[in-house]
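Here are my comments for your first read-through. Keep the structure open and check each point against it as you go.

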Amino acid sequence: MRDAIEARVEEARARGLDPLEFLTLLIDDELARRDTEGVARRIHKARFDEVCDLRDFDWTYNPEIPKGRVWDLASGRFIDAHASVVLCGPTGVGKSFIAQALGLEACRAGQSVLFVKTSAVLTDLAGGRADGGYQTRVRRYVSPGVLILDDFAMREYTVAQTEDLYELVSRRHRRGSLIVTTNREPADLYPLFPNPVLAEGLLDRLLNSAHTLTLLGRSYRRRQRPSAPETAGETAPGCDAFVSPQRVLPHGRMSPARGCCLTRYLTVTCLMIAVSGRRGRPCVRTQTRPSLRPDTGPPQPKRGSRGWPLGPAQPDRGRGPVG
Ligand SMILES: Nc1ncnc2c1ncn2[C@@H]1O[C@H](COP(=O)(O)OP(=O)(O)O)[C@@H](O)[C@H]1O
Ligand SMILES: [Mg+2]
(Lines give C-alpha, C1' and ligand atoms only; values in the text may rest on other atoms or scores of the structure.)
(Ligands and ions follow the chains in the order given, each with its own letter.)
Protein backbone atom coordinates (compact mmCIF):
# COMPACT_ATOMS: atom_id res chain seq x y z
CA MET A 1 0.00 0.00 0.00
CA ARG A 2 2.89 2.29 0.87
CA ASP A 3 4.20 2.08 -2.74
CA ALA A 4 0.87 3.11 -4.23
CA ILE A 5 -0.11 5.80 -1.76
CA GLU A 6 1.79 8.71 -3.31
CA ALA A 7 0.38 8.10 -6.77
CA ARG A 8 -3.11 7.71 -5.33
CA VAL A 9 -2.84 11.00 -3.35
CA GLU A 10 -1.88 12.78 -6.58
CA GLU A 11 -4.78 11.13 -8.35
CA ALA A 12 -7.23 12.01 -5.57
CA ARG A 13 -6.15 15.67 -5.71
CA ALA A 14 -6.34 15.79 -9.52
CA ARG A 15 -9.75 14.14 -9.65
CA GLY A 16 -11.10 15.86 -6.54
CA LEU A 17 -11.98 12.55 -4.84
CA ASP A 18 -13.63 12.61 -1.42
CA PRO A 19 -11.99 10.68 1.48
CA LEU A 20 -14.23 7.62 1.01
CA GLU A 21 -13.38 7.33 -2.69
CA PHE A 22 -9.70 7.75 -1.88
CA LEU A 23 -9.89 4.99 0.74
CA THR A 24 -11.68 2.68 -1.70
CA LEU A 25 -8.89 3.16 -4.24
CA LEU A 26 -6.27 2.24 -1.64
CA ILE A 27 -8.19 -0.84 -0.49
CA ASP A 28 -8.63 -2.03 -4.10
CA ASP A 29 -4.89 -1.62 -4.67
CA GLU A 30 -4.12 -3.63 -1.58
CA LEU A 31 -6.55 -6.42 -2.50
CA ALA A 32 -5.06 -6.63 -6.03
CA ARG A 33 -1.55 -6.77 -4.57
CA ARG A 34 -2.47 -9.55 -2.15
CA ASP A 35 -4.20 -11.44 -4.94
CA THR A 36 -1.13 -11.28 -7.20
CA GLU A 37 1.14 -12.31 -4.36
CA GLY A 38 -1.17 -15.19 -3.46
CA VAL A 39 -1.12 -16.52 -7.03
CA ALA A 40 2.68 -16.23 -7.16
CA ARG A 41 2.96 -18.06 -3.83
CA ARG A 42 0.66 -20.87 -4.97
CA ILE A 43 2.60 -21.24 -8.25
CA HIS A 44 5.84 -21.46 -6.28
CA LYS A 45 4.40 -24.07 -3.91
CA ALA A 46 3.03 -26.12 -6.84
CA ARG A 47 6.63 -26.92 -7.85
CA PHE A 48 5.88 -27.09 -11.56
CA ASP A 49 8.61 -28.37 -13.87
CA GLU A 50 7.60 -25.62 -16.30
CA VAL A 51 5.10 -22.83 -15.72
CA CYS A 52 2.83 -23.53 -18.69
CA ASP A 53 -0.03 -21.34 -19.84
CA LEU A 54 -2.69 -22.74 -22.15
CA ARG A 55 -2.57 -19.44 -24.05
CA ASP A 56 0.95 -20.42 -25.16
CA PHE A 57 -0.02 -23.91 -26.32
CA ASP A 58 0.46 -24.39 -30.07
CA TRP A 59 -2.87 -25.94 -31.04
CA THR A 60 -1.93 -26.11 -34.72
CA TYR A 61 0.93 -28.56 -34.15
CA ASN A 62 -1.34 -31.48 -33.23
CA PRO A 63 -4.84 -30.55 -34.34
CA GLU A 64 -6.19 -33.87 -32.99
CA ILE A 65 -5.85 -32.52 -29.42
CA PRO A 66 -9.38 -31.66 -28.21
CA LYS A 67 -8.94 -27.93 -27.66
CA GLY A 68 -12.54 -27.33 -26.55
CA ARG A 69 -12.41 -30.01 -23.86
CA VAL A 70 -9.06 -28.77 -22.56
CA TRP A 71 -10.34 -25.18 -22.28
CA ASP A 72 -13.48 -26.48 -20.62
CA LEU A 73 -11.32 -28.18 -17.98
CA ALA A 74 -9.41 -24.92 -17.53
CA SER A 75 -12.62 -23.39 -16.17
CA GLY A 76 -11.94 -25.47 -13.03
CA ARG A 77 -15.42 -26.98 -12.72
CA PHE A 78 -13.86 -30.42 -12.33
CA ILE A 79 -12.03 -29.14 -9.24
CA ASP A 80 -15.26 -27.92 -7.65
CA ALA A 81 -16.73 -31.38 -8.33
CA HIS A 82 -13.62 -33.10 -6.86
CA ALA A 83 -13.28 -34.98 -10.14
CA SER A 84 -10.07 -36.13 -11.78
CA VAL A 85 -8.46 -35.70 -15.18
CA VAL A 86 -6.57 -38.45 -16.97
CA LEU A 87 -4.43 -37.26 -19.88
CA CYS A 88 -3.12 -40.13 -21.95
CA GLY A 89 -1.18 -40.25 -25.18
CA PRO A 90 2.24 -40.79 -26.70
CA THR A 91 5.32 -39.06 -25.43
CA GLY A 92 6.00 -35.42 -26.27
CA VAL A 93 2.46 -34.64 -27.34
CA GLY A 94 1.94 -32.13 -24.52
CA LYS A 95 0.38 -34.10 -21.63
CA SER A 96 2.63 -32.57 -18.96
CA PHE A 97 2.21 -29.12 -20.54
CA ILE A 98 -1.57 -29.35 -20.37
CA ALA A 99 -1.54 -30.85 -16.86
CA GLN A 100 0.63 -27.99 -15.60
CA ALA A 101 -1.42 -25.40 -17.47
CA LEU A 102 -4.57 -26.73 -15.75
CA GLY A 103 -2.62 -26.51 -12.50
CA LEU A 104 -1.72 -22.89 -13.26
CA GLU A 105 -5.37 -22.02 -13.86
CA ALA A 106 -6.18 -23.69 -10.53
CA CYS A 107 -3.52 -21.55 -8.79
CA ARG A 108 -5.07 -18.45 -10.32
CA ALA A 109 -8.46 -19.56 -9.04
CA GLY A 110 -7.12 -19.82 -5.50
CA GLN A 111 -6.52 -23.58 -5.30
CA SER A 112 -3.48 -25.19 -3.73
CA VAL A 113 -1.68 -27.35 -6.31
CA LEU A 114 1.20 -29.83 -6.22
CA PHE A 115 2.93 -31.19 -9.32
CA VAL A 116 5.02 -34.36 -8.85
CA LYS A 117 6.43 -37.21 -10.88
CA THR A 118 4.76 -40.42 -9.76
CA SER A 119 8.15 -42.11 -9.34
CA ALA A 120 9.25 -39.32 -6.96
CA VAL A 121 6.10 -39.76 -4.84
CA LEU A 122 6.75 -43.49 -4.57
CA THR A 123 10.39 -42.95 -3.60
CA ASP A 124 9.28 -40.41 -0.99
CA LEU A 125 6.66 -42.72 0.48
CA ALA A 126 9.10 -45.64 0.53
CA GLY A 127 11.40 -43.38 2.60
CA GLY A 128 8.48 -42.69 4.93
CA ARG A 129 7.99 -46.41 5.50
CA ALA A 130 11.65 -46.67 6.42
CA ASP A 131 11.88 -43.69 8.80
CA GLY A 132 8.42 -43.80 10.36
CA GLY A 133 7.29 -40.59 8.66
CA TYR A 134 4.86 -42.30 6.30
CA GLN A 135 1.67 -40.56 7.40
CA THR A 136 3.28 -37.10 7.36
CA ARG A 137 4.51 -37.72 3.85
CA VAL A 138 1.14 -39.07 2.67
CA ARG A 139 -0.51 -35.89 3.96
CA ARG A 140 1.79 -33.87 1.69
CA TYR A 141 0.05 -35.44 -1.29
CA VAL A 142 -3.43 -35.64 0.17
CA SER A 143 -3.77 -32.03 1.33
CA PRO A 144 -3.47 -29.97 -1.90
CA GLY A 145 -6.71 -29.13 -3.71
CA VAL A 146 -5.18 -30.43 -6.93
CA LEU A 147 -2.49 -33.11 -7.10
CA ILE A 148 -0.83 -33.63 -10.49
CA LEU A 149 0.74 -37.08 -10.80
CA ASP A 150 2.96 -36.90 -13.86
CA ASP A 151 4.14 -40.03 -15.71
CA PHE A 152 1.75 -42.36 -13.94
CA ALA A 153 2.13 -46.06 -14.78
CA MET A 154 5.40 -45.81 -16.66
CA ARG A 155 6.23 -49.35 -15.57
CA GLU A 156 4.96 -52.22 -13.38
CA TYR A 157 4.49 -51.45 -9.71
CA THR A 158 5.52 -53.53 -6.69
CA VAL A 159 3.02 -54.52 -3.99
CA ALA A 160 4.22 -51.72 -1.67
CA GLN A 161 3.96 -49.13 -4.46
CA THR A 162 0.46 -50.33 -5.31
CA GLU A 163 -0.52 -49.91 -1.66
CA ASP A 164 0.96 -46.39 -1.63
CA LEU A 165 -0.90 -45.38 -4.75
CA TYR A 166 -4.11 -46.91 -3.41
CA GLU A 167 -3.66 -44.95 -0.18
CA LEU A 168 -3.23 -41.71 -2.09
CA VAL A 169 -6.05 -42.19 -4.56
CA SER A 170 -8.55 -43.49 -2.02
CA ARG A 171 -7.80 -40.70 0.49
CA ARG A 172 -8.20 -38.06 -2.19
CA HIS A 173 -11.30 -39.60 -3.73
CA ARG A 174 -14.19 -37.11 -3.64
CA ARG A 175 -12.14 -34.79 -1.42
CA GLY A 176 -9.76 -33.33 -3.98
CA SER A 177 -8.84 -33.48 -7.63
CA LEU A 178 -6.17 -35.54 -9.30
CA ILE A 179 -4.62 -34.85 -12.69
CA VAL A 180 -2.77 -37.84 -14.05
CA THR A 181 -0.63 -38.07 -17.18
CA THR A 182 0.17 -41.45 -18.64
CA ASN A 183 1.63 -42.99 -21.77
CA ARG A 184 -0.88 -45.82 -21.60
CA GLU A 185 -4.51 -46.24 -22.42
CA PRO A 186 -6.70 -46.60 -19.29
CA ALA A 187 -7.48 -50.25 -20.08
CA ASP A 188 -3.75 -51.05 -20.14
CA LEU A 189 -3.21 -49.78 -16.58
CA TYR A 190 -4.67 -52.80 -14.77
CA PRO A 191 -1.91 -55.36 -15.54
CA LEU A 192 0.72 -53.03 -14.04
CA PHE A 193 -0.45 -53.76 -10.51
CA PRO A 194 0.41 -57.11 -8.88
CA ASN A 195 -2.63 -57.12 -6.59
CA PRO A 196 -5.82 -57.18 -8.70
CA VAL A 197 -8.05 -56.24 -5.78
CA LEU A 198 -6.04 -53.10 -4.96
CA ALA A 199 -5.71 -52.36 -8.67
CA GLU A 200 -9.47 -52.51 -9.11
CA GLY A 201 -10.04 -50.32 -6.04
CA LEU A 202 -7.46 -47.78 -7.15
CA LEU A 203 -8.33 -47.60 -10.85
CA ASP A 204 -12.07 -47.77 -10.24
CA ARG A 205 -11.82 -44.66 -8.04
CA LEU A 206 -9.44 -42.90 -10.41
CA LEU A 207 -11.02 -43.66 -13.77
CA ASN A 208 -14.68 -43.52 -12.85
CA SER A 209 -14.45 -40.01 -11.48
CA ALA A 210 -12.20 -38.80 -14.28
CA HIS A 211 -12.44 -36.78 -17.45
CA THR A 212 -10.27 -38.87 -19.76
CA LEU A 213 -8.62 -37.11 -22.67
CA THR A 214 -6.57 -38.95 -25.24
CA LEU A 215 -4.03 -36.65 -26.82
CA LEU A 216 -2.74 -37.93 -30.13
CA GLY A 217 -0.11 -36.49 -32.41
CA ARG A 218 3.57 -35.89 -32.95
CA SER A 219 6.14 -35.20 -30.27
CA TYR A 220 6.65 -31.46 -29.87
CA ARG A 221 10.21 -32.17 -28.77
CA ARG A 222 11.28 -32.60 -32.38
CA ARG A 223 9.98 -29.06 -32.93
CA GLN A 224 12.27 -27.87 -30.13
CA ARG A 225 15.40 -29.31 -31.75
CA PRO A 226 17.80 -26.51 -32.66
CA SER A 227 17.62 -27.54 -36.34
CA ALA A 228 13.81 -27.83 -36.41
CA PRO A 229 11.93 -25.94 -39.15
CA GLU A 230 10.11 -22.78 -38.07
CA THR A 231 6.72 -23.77 -39.45
CA ALA A 232 4.37 -25.89 -37.37
CA GLY A 233 2.96 -27.98 -40.20
CA GLU A 234 6.25 -29.17 -41.64
CA THR A 235 6.62 -32.63 -43.05
CA ALA A 236 7.94 -34.81 -40.29
CA PRO A 237 11.60 -35.53 -40.84
CA GLY A 238 12.45 -39.20 -41.20
CA CYS A 239 8.78 -40.05 -41.85
CA ASP A 240 8.27 -41.17 -38.21
CA ALA A 241 4.71 -39.96 -38.36
CA PHE A 242 4.08 -42.24 -41.29
CA VAL A 243 4.71 -45.51 -39.47
CA SER A 244 3.30 -44.36 -36.17
CA PRO A 245 -0.21 -45.69 -35.41
CA GLN A 246 -1.41 -42.45 -33.89
CA ARG A 247 -1.16 -40.72 -37.26
CA VAL A 248 -4.27 -42.54 -38.48
CA LEU A 249 -6.96 -39.95 -37.89
CA PRO A 250 -10.59 -40.72 -37.04
CA HIS A 251 -12.72 -42.01 -39.91
CA GLY A 252 -9.62 -43.29 -41.76
CA ARG A 253 -8.57 -39.80 -42.81
CA MET A 254 -4.89 -39.41 -43.38
CA SER A 255 -2.84 -36.56 -41.96
CA PRO A 256 -1.02 -34.30 -44.46
CA ALA A 257 2.35 -35.52 -43.17
CA ARG A 258 1.28 -39.13 -43.55
CA GLY A 259 -0.09 -38.55 -47.06
CA CYS A 260 3.11 -36.89 -48.14
CA CYS A 261 5.22 -39.75 -46.80
CA LEU A 262 2.89 -42.28 -48.44
CA THR A 263 3.48 -40.66 -51.83
CA ARG A 264 7.20 -40.73 -51.20
CA TYR A 265 7.05 -44.35 -50.01
CA LEU A 266 4.99 -45.52 -53.00
CA THR A 267 7.41 -43.83 -55.40
CA VAL A 268 10.33 -45.65 -53.80
CA THR A 269 8.39 -48.95 -53.81
CA CYS A 270 7.52 -48.58 -57.53
CA LEU A 271 11.17 -47.91 -58.32
CA MET A 272 12.17 -51.02 -56.33
CA ILE A 273 9.57 -53.12 -58.18
CA ALA A 274 10.81 -51.81 -61.54
CA VAL A 275 14.45 -52.49 -60.66
CA SER A 276 13.82 -55.98 -59.21
CA GLY A 277 11.56 -56.85 -62.19
CA ARG A 278 14.32 -55.93 -64.57
CA ARG A 279 16.74 -58.16 -62.70
CA GLY A 280 14.20 -61.02 -62.73
CA ARG A 281 14.07 -61.20 -58.93
CA PRO A 282 10.91 -61.21 -56.75
CA CYS A 283 10.24 -57.79 -55.36
CA VAL A 284 10.50 -56.98 -51.67
CA ARG A 285 7.05 -57.36 -49.98
CA THR A 286 7.11 -53.97 -48.34
CA GLN A 287 3.57 -53.19 -49.54
CA THR A 288 2.13 -55.57 -46.95
CA ARG A 289 3.26 -53.37 -44.06
CA PRO A 290 0.06 -52.77 -42.10
CA SER A 291 0.72 -49.05 -41.81
CA LEU A 292 0.41 -48.80 -45.60
CA ARG A 293 -3.20 -49.90 -45.65
CA PRO A 294 -5.27 -46.96 -44.41
CA ASP A 295 -8.55 -48.69 -45.27
CA THR A 296 -7.89 -51.57 -42.84
CA GLY A 297 -7.99 -49.31 -39.81
CA PRO A 298 -5.20 -48.28 -37.48
CA PRO A 299 -2.31 -50.74 -37.40
CA GLN A 300 -1.67 -52.36 -34.04
CA PRO A 301 1.47 -51.03 -32.36
CA LYS A 302 4.18 -53.59 -31.89
CA ARG A 303 4.53 -54.50 -28.22
CA GLY A 304 7.92 -53.51 -26.96
CA SER A 305 8.36 -50.78 -29.54
CA ARG A 306 8.65 -47.17 -28.40
CA GLY A 307 5.24 -46.43 -29.81
CA TRP A 308 1.89 -45.76 -28.15
CA PRO A 309 0.94 -47.55 -25.98
CA LEU A 310 4.22 -48.56 -24.44
CA GLY A 311 5.38 -52.13 -24.51
CA PRO A 312 5.72 -54.58 -21.57
CA ALA A 313 6.49 -52.75 -18.37
CA GLN A 314 9.27 -53.17 -15.83
CA PRO A 315 8.90 -52.61 -12.06
CA ASP A 316 9.10 -48.93 -11.10
CA ARG A 317 12.19 -48.59 -8.96
CA GLY A 318 11.70 -44.85 -8.52
CA ARG A 319 13.79 -44.04 -11.53
CA GLY A 320 13.68 -40.64 -13.20
CA PRO A 321 10.93 -39.48 -15.55
CA VAL A 322 10.88 -40.39 -19.21
CA GLY A 323 7.81 -38.87 -20.85
N1 LIG B 1 1.46 -27.92 -28.55
C2 LIG B 1 2.50 -27.45 -27.86
N3 LIG B 1 2.78 -26.13 -27.87
C4 LIG B 1 3.86 -25.66 -27.21
N5 LIG B 1 4.74 -26.42 -26.51
C6 LIG B 1 4.50 -27.75 -26.48
C7 LIG B 1 3.36 -28.33 -27.13
N8 LIG B 1 3.37 -29.64 -26.90
C9 LIG B 1 4.43 -29.89 -26.15
N10 LIG B 1 5.13 -28.76 -25.89
C11 LIG B 1 6.41 -28.67 -25.19
O12 LIG B 1 7.15 -29.80 -25.63
C13 LIG B 1 7.83 -30.41 -24.56
C14 LIG B 1 7.30 -31.84 -24.38
O15 LIG B 1 5.95 -31.75 -23.98
P16 LIG B 1 5.38 -32.55 -22.72
O17 LIG B 1 4.16 -31.87 -22.25
O18 LIG B 1 6.47 -32.76 -21.71
O19 LIG B 1 5.02 -33.94 -23.41
P20 LIG B 1 4.48 -35.30 -22.76
O21 LIG B 1 4.23 -35.04 -21.32
O22 LIG B 1 3.25 -35.63 -23.54
O23 LIG B 1 5.58 -36.30 -22.98
C24 LIG B 1 7.61 -29.55 -23.35
O25 LIG B 1 8.69 -28.65 -23.24
C26 LIG B 1 6.33 -28.80 -23.67
O27 LIG B 1 6.31 -27.54 -23.05
MG1 LIG C 1 5.25 -35.74 -19.68
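1. Start with the largest nonpolar core. This is a predicted model, and its largest nonpolar core holds 52 residues. Val-85, Leu-102, Ile-148, Leu-149 and Ile-179 touch the most other members. Which helix gives the most to this core? Helix α5 does, with 8 residues.

2. Now take Val-85 by itself. Leave aside residues up to four places away in sequence. Val-85 then touches Leu-73, Phe-78, Leu-102, Ile-179, Ala-210 and His-211. Find Leu-102 and Ile-179 in that list: both also belong to the group that touches the most other core members.

3. Next, look at how α5 packs. Two packed helices are described by an angle and a distance, both taken between their axes. The partner here is α2, residues 19–46, while α5 spans residues 95–108. Their packing angle is about 145°, and the axes lie 8 Å apart. The crossing is right-handed.

4. Which residues of α2 and α5 meet? From α2 come Val-39, Arg-42, Ile-43 and Ala-46. From α5 come Gly-103, Leu-104, Cys-107 and Arg-108. By class, this contact has 5 nonpolar, 1 polar and 2 charged residues.

5. Finish at ligand 1. How many residues surround ligand 1? There are 17, and the closest are Asp-58, Gly-94, Lys-95, Ser-96 and Tyr-220. The shell divides into 6 nonpolar, 7 polar and 4 charged residues. Helix α5 turns up again: the largest share of the shell, 3 residues, comes from α5.

Key: Residues are numbered from 1 along each chain as its sequence is written. Chains are lettered from A and ligands numbered from 1 in the order in which they are written. This is a predicted model: local features need pLDDT of at least 70, side-chain atom pairs count only at pLDDT 80 or more; totals for chains, interfaces and linings use all residues. Axes are lines fitted to C-alpha atoms, for helices over the stretch in contact, and angles run from 0 to 180 degrees between N-to-C directions. Helices (H or I, at least four residues) and strands (E, at least two) are DSSP runs, numbered from the N terminus. A crossing is left-handed if the near helix is turned anticlockwise from the far one by less than a right angle, and right-handed if clockwise. Two residues are in contact if their C-beta atoms, placed from the backbone, lie within 7 Å. Ala, Val, Leu, Ile, Met, Phe, Trp, Tyr, Cys and Pro count as nonpolar, Asp, Glu, Lys and Arg as charged, and the others, Gly among them, as polar. A nonpolar core is a set of buried Ala, Val, Leu, Ile, Met, Phe, Trp, Tyr and Cys residues joined through C-beta atoms within 7 Å. A residue is buried if 20 or more other C-beta atoms lie within 10 Å of its own, exposed if 12 or fewer, and partly exposed in between; C-beta atoms are placed from the backbone. A residue is near a molecule or strand if its C-beta atom, placed from the backbone, lies within 6 Å of it.
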